[in-house]
Amino acid sequence: MKLQARWIALAAIAAHAAGCSPLQEPPARAPTPRSVAVDDALVQFSLVAALAAGDYVAGPTLGEVLTQGDFGVGTFSRLAGEMIVLEGAIYQAHVDGTIHRVSLDDTTPFAAVKFFTEDGRIEGLAAPSLDVLDRRLDEQLARRNVPYAIRIDGEFAALTLRSVAAQSPPFKPLVDVVKQQVTWSHQNVRGTLVGLRCPPWVGTLNVAGYHWHFLSDDRQIGGHVLACELSRGTLRYDECSSLVLHLPRSREFDEFDAGLIDKGQIDQIERQRVPAAPR
Ligand SMILES: [Zn+2]
């Protein structure tokens, strides 16, 4: 008996040395499940490529979007206008140029948001055009391989904005929808540019480069920005440490062919530039 007990003890020590727990010991504590760390994340719902391919339905509610960020851009179910997310509120820039607050039960096929926490600012910024603005920011926001959320509050001498009309099935690709975009121009408006700059490596997941939406201080003017002349403003930026992609659970998403969409089409849709309207 005594010999047998010693043999079991030796077996237990050997098992322990081999990295196994002996049966007699309480089981090692299992790792505690926890949510994945998404520190300082840009959170996007669906892919720009899926939107470009015509996936304009389903997606999360706007209430769910606001649980992931208080700042960002996007669109609405059936592509019903441009989305501006600012200070925790979602604004819908309709194709007729009007701005409405939304029902949080509405849904979005694409949005990219984050909780804006300022990492730095540039005071007294001015730029005669969107292209010049982009180039200046390329020089000053040095980390080219991380996404930035960018907010510019100021006085705009000129702005050209666009929105698109709600679509009906069968949906056309977005590159065809924006051929019917409605544009309008404004002069001397105070407001906020709500922008994202994504690194080149996002490819067609999001918009590589700058993507600007606008909302006026009086919340009467807004849309996707095609041209702007910034007289003077303050830029605040927020570097993102993570990128979170929420993938849709829809038949349309399952069936979309990512290979049909290239970066040139995304640029045509989201990075068009037009000459500023004459004043
Ligand atoms: Zn846009």
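**The open sheet**

Analyst: Seven strands form an open sheet of mixed pairing, in the order 5-4-3-2-6-1-12. Strands (E, at least two residues) and helices (H or I, at least four) are DSSP runs numbered from the N terminus, and two strands pair if DSSP finds at least two bridges between them. The model is predicted: local features need pLDDT of at least 70, side-chain atom pairs count only at pLDDT 80 or more, and totals for chains, interfaces and linings use all residues. Residues are numbered from 1 along each chain as its sequence is written.

User: In the pairing of strand 3 with strand 4, which residue of strand 4 is the bridge partner of V85?

Analyst: Strand 3 (residues 82-86) pairs with strand 4 (residues 89-93) in the antiparallel sense, over five bridges. Within strand 4, the bridge partner of V85 is I90.

User: How many residues of strand 7 are buried?

Analyst: A residue is buried if 20 or more other C-beta atoms lie within 10 Å of its own, exposed if 12 or fewer, and partly exposed in between, with C-beta atoms placed from the backbone. Strand 7 has eight residues and lies largely in the open. It pairs with strand 11 in the antiparallel sense over five bridges, and in strand 11 the bridge partner of L125 is G233. The number of buried residues in strand 7 is zero.

User: Within what arc do the buried residues of helix 4 fall?

Analyst: The buried residues of helix 4 (residues 130-140) are L130, L133 and L137. Seen down the helix axis, they line one face, the arc being that of the directions from the axis to the C-beta atoms. On the other side, D131, R135 and E139 are exposed. The buried residues of helix 4 fall within an arc of 55°.

User: Which strands do the buried residues of helix 4 pack against?

Analyst: Contact between two residues requires that their C-beta atoms, placed from the backbone, lie within 7 Å. The buried residues of helix 4 pack against strand 7 (120-127), strand 10 (209-216) and strand 11 (222-239).

User: Which residues of helix 7 are buried?

Analyst: Seen down the axis of helix 7 (residues 263-270), its buried residues fall within an arc of 75°, so they line one face of the helix. What covers them includes helix 2 (48-52), helix 5 (174-177) and strand 10. Leaving aside neighbours within four places in sequence, A52 has contacts that include I266 and I269. The buried residues of helix 7 are I266, I269 and E270.

User: What distance separates the C-alpha atoms of E155 and N188?

Analyst: E155 belongs to strand 8 and is partly exposed, with 15 other C-beta atoms within 10 Å. Beyond its neighbours within four places in sequence, E155 is in contact with R190, S231, R232 and G233. E155 and N188 are 33 residues apart along the chain, and their C-alpha atoms are separated by 6.7 Å.
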